[in-house]
Amino acid sequence: MLKITRFCCEQLERGCVTDKKNPVFSFIAESDHKEVTLKSAVLAVNGEQIDAIGQIAVPYTGRALQPFTGYEATLTVTDSEGETADASLTFETGRMDTAWAAEWISDPAYSFTEKKVSPVPMVFRKTFIAKKRVSSARIYSTALGIYELSLNGEKVGDRFFAPGFTSYPSNLQYQTYDVTDSICRENEIVFTVAGGWAVGSFVYSRINRYAADRQALLCEIRLVYKDGTEEIIGTDGSWQVSEDGPVRMADLYDGETFDATIDLRSVQWHSAAKETLRVHPKIFAECGAPVKAHERLKPISCNQLGNALIYDFGQNLAGVVSLKLNGKAGQTVTVRHAEVLNPDGTLNVMFLRTAKATATYICRDGEQTYMPRLSYMGFRYVSVEGIAADGLEIEAVALYSDLETTGFFSCSNEMLNRLQRNIVWGAKSNLVDIPTDCPQRDERMGWTGDIAVFGPTACFNFNMQRFLDKWLRDVRAEQRRGGGLPNTVPVNGFGFPTTMPEMAIDWWGDACVLVPWALYCATGDRSVLEENYPTMKKYVKACRFWANLLSFGKRRYLWNTPAVFHFGDWVAPDAPKMSEWQRRSKWTATASLKNTSSTVARIAEILGKTKEAEQYTKLAARVSDAYESLLTDGNGKLLEEFQTAYVLPLHLNMFRKENVQKAADNLARLVEKNGYRIGTGFPGTPYILFALADHGHADEAFRMLLNTECPSWLYEVRQGATTIWERWDGLDENGVCPIGDDGTDIMISYNHYASGAVGDFLYRRIAGLEPAEPGYRRFSVKPLLGGGLTDAKAELRTPYGKAASSWKIENGSFSLSVTVPLGCICDVCLPSGKRETVLSGTYDFAETL
Ligand code: BGC
């Protein structure tokens with residue numbers, strides 16, 4: 001039978017509100033028959049029939065959609081067997097640039113001048129009457145700051161940190177809430193607006209008031225009455241405001257203080273007033289993946305230590321605690337958070353640097369619950385003071401962007417399975433509205449290098465489309481005239497060193513090429529390439545500018561600007577300190593220029609810009625030649641040897657044919673000499689296992705992957721890690737952090753996804769699942785055996801449906817089961833080298849090893 005198992009508008013099966021004139025539709029169809037393809041797919045929207053056979057990003061092309069309007073889309077598909085199926089969805093348009101019948105408001109009496117802290121949260125309220133019977137009620141709202149919204153005493157929606165983190169001078173999201181069922185005759189709407197990213201203290205230098213001098217709110221309540229008339233209640237001087245609400249303090253790093261004895265009905269209110277903003281962003285319907293509450297974890301242990309209760313949740317995560325307790329008015333419960341414990345059992349808060357990461361709750365009388373809503377922490381452990389264990393129920397609540405899980409990997413090695421879970425938890429903890437570096441210390445910034453290397457792995461595990469599309473808007477917005485990009489996006493006042501318009505940083509700035517490319521490979525949706533191509537071109541031009549600077553001959557293709565302008569082989573464990581990682585930038589930056597120019601060449605080709613493709617291909621060849629001529633002996637040996645210096649040119653195809661194997665053998669020798677421990681920093685880590693395994697050294701790749709000595713992925717697992725660490729040696733064998741003064745200002749996090757980029761290898765080599773065409777219309781399954789693994793399995797929800805590879809070795813025979821989505825083609829390659837091409841369906845293969 002043919003079924004439509006997924007039908008989306010703008011990647012959402014339900015609840016899509018869009019401002020796009022041509023929103024895109026996608027669907028997945030499944031059949032229990034083999035070798036089925038689609039014969040026709042017709043989408044009907046707004047009285048228009050649209051050919052949807054393209055399946056993954058079918059744009060609406062009919063009559064102009066109207067703002068504030070609900071639409072139904074129906075889909076009818078027919079397959080090659082003559083079976084049909086249909087599905088429907090509803091979506092609505094947002095404001096579509098309709099001018100706001102509301103003003104930005106703030107508290108004119110609140111002057112916030114203190115540095116390095118966040119403002120006192122503002123509470124806005126308005127009472128209003130629905131004069132007639134209501135057929136539809138919607139709230140459209142945004143803020144500078146982050147807001148919590150309630151209507152008639154009930155929280156509206158399930159988002160955290162709305163309106164989300166964007167490059168506020170350019171981009172700002174608004175949210176739409178359907179409150180039709182909550183509207184009464186007399187209504188009270190309340191917004192609590194904390195400083196968040198726009199006004200609060202953020203980035204490790206704790207800059208505040210980046211986008212506004214104090215919080216500001218913009219809101220429209222649109223009531224449509226049953227008689228067809230409409231009324232808009234917008235923010236204006238008739239709204240009231242107060243800083244005396246129950247949220248006494250909220251700061252992304254420091255946490256939240258909530259006084260439950262405060263009753264909003266008895267606080268001092270005064271009039272809000274129109275606020276003139278310093279930034280003038282484009283305001284558009286939410287297009288990313290909003291932060292929501294996900295897993296709720298109970299503690300696995302509780303110890304009394306002095307006055308404090310120390311709880312262990314068994315999992316490092318980004319989120320908040322949820323408390324249920326019986327309290328007395330004025331009783332104060334203090335919850336501090338940390339990722340690791342000190343040897344004496346207390347929380348290690350040193351690595352949080354200036355982040356206080358504390359939730360303070362002042363009780364009212366009786367049974368009550370509390371969960372911070374305007375801050376989040378990165379933690380596995382908490383200490384609780386002010387209450388006895390028997391009077392408290394506590395849970396950890398994971399907060400992260402609402403991303404659908406698309407991938408799954410497991411194998412016969414339990415430590416690798418834990419690594420895979422750690423990769424997923426590392427991702428969940430750092431995909432918090434934007435791609436961050438870590439969730440605990442005073443950073444949580446959009447470090448571009450981290451997602452540049454982790455992007456492909458993220459795209460295996462999650463549907464990253466909305467999340468990354470939103471972030472890439474900010475990347476484009478933050479690009480400087482000369483093509484340079486800040487190191488963090490949104491820059492939010494940080495992003496050194498961007499004073500020069502061409503300030504390109506290898507691998508970090510490369511995110512503007514590598515992230516769209518990773519997304520395109522996963523989705524096959526070329527719009528991400530079209531949208532970002534101009535940014536990529538300007539960026540590569542900026543990189544060339546640096547390579548060219550004061551250089552002659554071949555040196556013009558060696559990117560060799562002073563090391564302080566780079567991060568180089570960032571956190572490479574075979575170099576002792578930051579300046580050493582940076583010194584390796586000659587190698588990493590040159591390889592980065594090769595990588596971006598050849599990737600942009602492929603993109604130009606796809607976009608039909610053949611001439612430009614040729615130019616970028618030429619550039620890439622010259623850079624490869626410069627690397628080989630100037631940094632190696634011309635015979636496959638690096639003049640200065642370290643793992644990354646081999647990994648990058650090997651993986652990026654930079655060596656002349658005759659030198660490839662020699663270089664790979666040299667890398668294998670280095671790896672063996674290092675006891676199969678990893679030595680690469682951010683740029684080399686995602687690729688080292690590919691560089692080995694793809695060049696005849698699969699055995700070394702497995703030995704490195706399965707190594708449990710420090711530094712290695714499984715050393716962290718052996719030490720009990722539940723996420724991916726920033727530093728491979730974050731804890732020694734005794735559970736103590738050995739890192740001294742290495743120039744990084746105690747840069748030690750236990751929840752950084754970057755080196756989890758090895759996840760790509762688990763899917764693409766061990767399970768062998770690799771796209772041959774972007775979006776997996778054609779893909780291959782070619783498992784790589786080794787490391788004593790006796791089985792492995794990966795499943796991936798591709799844009800066309802489930803692709804899977806599951807293999808097993810038993811009594812000397814190898815068996816493989818492959819699942820191919822409807823309409824797709826899979827090239828299967830067995831360990832003996834035997835090949836077969838199959839169409840949709842599930843197929844079993846076997847051979848004797
Ligand atoms: C961050 C990294 C980031 C790096 C760049 C660190 O503080 O946590 O992940 O990419 O700085 O310097």
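Predicted model: local features only at pLDDT ≥ 70, side-chain atom pairs only at ≥ 80, totals over all residues.
Residues are numbered from 1 along each chain as its sequence is written, and side-chain values use heavy atoms, with hydrogens and water left out.

**Arg 6**

I placed Arg 6 in strand E1, residues 2–9 (strands are DSSP runs of E with at least two residues, helices are runs of H or I with at least four, and both are numbered from the N terminus). Arg 6 is buried, with a relative accessible area of 7% (buried means under 20%, exposed over 50%, and partly exposed in between, with a 1.4 Å probe and protein chains only). I also found a polar contact from the side chain of Arg 6 to that of Gln 11, at 3.3 Å.

**Ligand site**

I then listed the residues around the ligand, among them Asp 437, Trp 447, Phe 567 and His 752, each with a heavy atom within 4 Å of it. A polar side-chain atom of Asp 450 lies 2.6 Å from a ligand oxygen, and one of Arg 441 lies 2.7 Å from a ligand oxygen. For Glu 726, I read 3.4 Å between a side-chain N or O atom and an oxygen atom of the ligand.

**Cores**

The largest nonpolar core has 248 residues, and Phe 191 and Ile 766 have the most contacts inside it (such a core is a set of buried Ala, Val, Leu, Ile, Met, Phe, Trp, Tyr and Cys residues joined through side-chain atoms within 4.5 Å). Helix H5, residues 527–548, gives the largest share of this core, ten residues. Apart from it I noted another core, of 28 residues, which includes Tyr 60 and Leu 822.

**Ala 589**

Last, I turned to Ala 589, which sits in helix H7, residues 585–606, and is buried with a relative accessible area of 0%. Leaving out residues up to four places away in sequence, Ala 589 touches Asp 506, Trp 559 and His 566, where contact means heavy atoms within 4.5 Å.

Methods
Polar contact = N/O pair within 3.5 Å; in protein donor to acceptor, adjacent residues only side chain to side chain.
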